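Hi there,

Here is the structure I promised to pass on to you. Have a look at it first, and then read on for what turned up in it.

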Amino acid sequence: LQRLGVSLLFVGILVAFGRLTFYLPDNPVPISLQTGGVLLMGGVLGLRWGLMSILIYYLLGMAGVPVFKDGGNGWHYVSGTVTAGYLIGFVCAVPLVGYLSQHGWNRGRVLWPMLLGNLLIYFPALLWIHFQDFGWPPVGELFQSGMYAFLPGDLVKLMLASLVVGTGWSLVDRRDNRSKDSG
């Protein structure tokens, strides 16, 4: 029950992070804190609970609950917008980060799963933009507009997420060590 509560808390965090957006000039894809929330979700909740949480988020949005960026929702949002591929990347990234975090890539090495998760967000996003006809980006500018423009901010978000997760695991380790020492 506690894990379910934490999972729902992360869904709420992801919704809140989706409200904090701004746009680069001539780019319909916003910069938000969502990628950081996605990486945190995987790093903290692990594979199973992280996957369940991101699927709850995605399915709520598909069902019409305004959980996506700026309150977006519905089938059209996940199938007909330029940002739909990034949402698919969120669903892919959380279990990857969660799996790697559960299998020893946490604490001091958590930056690497976060980096791989962030790259996995871009893969379906760029494919989505490439194969859909949104009139954006201009021909030959897919990587420049759909990925490179976001790299500096995403690097900061993944470093912050890795610090939070790594610090959290260190605190858990200290608490466990104190429990062993006093027990």
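**Two loops with a positive phi**

D70 is found in the loop between α2 and α3, the latter covering residues 75–80. Its backbone is worth a look: phi of D70 is near 55 degrees, a positive value in a residue other than glycine. Please keep in mind that this is a predicted model. Is D70 buried, partly exposed or exposed? With a relative accessibility of 41%, D70 counts as partly exposed, because that class lies between the 20% and 50% cut-offs.

D26 also has a positive phi without being glycine, with a value near 60 degrees. You will find D26 in the loop that links β1 (21–22) to β2 (31–32). The relative accessible area of D26 is 75%, so this residue is exposed.

**A cis peptide bond**

Now move along to P137, in the loop between α5 (111–131) and α6 (142–146). The peptide bond from W136 to P137 is cis, and its omega is near -10 degrees.

**A buried threonine**

Next, find T35 in helix α2, which runs over residues 34–62. T35 has a relative accessibility of 10% and therefore counts as buried, as the cut-off for buried is under 20%. Which residues does T35 touch, leaving aside its neighbours within four places in sequence? They are F90, N118, I121, D154 and K157. With K157 there is also a polar contact between the side chains, at 3.0 Å.

**The whole chain**

Finally, zoom out. The protein chain has 7 helices and 2 strands, and along the sequence they follow the pattern α-β-β-α-α-α-α-α-α. The radius of gyration is 17 Å, close to the 16 Å that the globule rule gives for 183 residues, so the chain is as compact as a globular protein of that length. Along its principal axes, the C-alpha trace spans about 65 × 30 × 25 Å.

Of the 183 residues, 43% count as buried. If you take the contacts between residues at least 6 apart in sequence, 69% of them join residues at least 24 apart. The accessible surface of the chain comes to about 9700 Å², and 67% of that belongs to carbon and sulfur atoms. As for charge, the chain has 11 positive and 8 negative charges, and their mean positions are 15 Å apart.

Enjoy exploring!

Best wishes

Terms used
Residues are numbered from 1 along each chain as its sequence is written. This is a predicted model: local features need pLDDT of at least 70, side-chain atom pairs count only at pLDDT 80 or more; totals for chains, interfaces and linings use all residues. Side-chain values use heavy atoms; hydrogens and water are left out. Helices (H or I, at least four residues) and strands (E, at least two) are DSSP runs, numbered from the N terminus. The radius of gyration is taken over C-alpha atoms; the globule rule is 2.2 Å times the number of residues to the power 0.38. Buried means under 20% relative accessible area, exposed over 50%, partly exposed in between (1.4 Å probe, protein chains only). Contact means heavy atoms within 4.5 Å. Accessible areas come from the Shrake-Rupley method with a 1.4 Å probe; for residues, only the protein chains shown count as cover. Lys and Arg count as positive and Asp and Glu as negative; His and the chain ends are not counted. The place of a charge is taken as NZ of Lys, CZ of Arg, CG of Asp or CD of Glu. A polar contact is a pair of N or O atoms within 3.5 Å; within protein, one must be able to donate a hydrogen and the other to accept it, and residues adjacent in sequence count only if both atoms are side-chain atoms.
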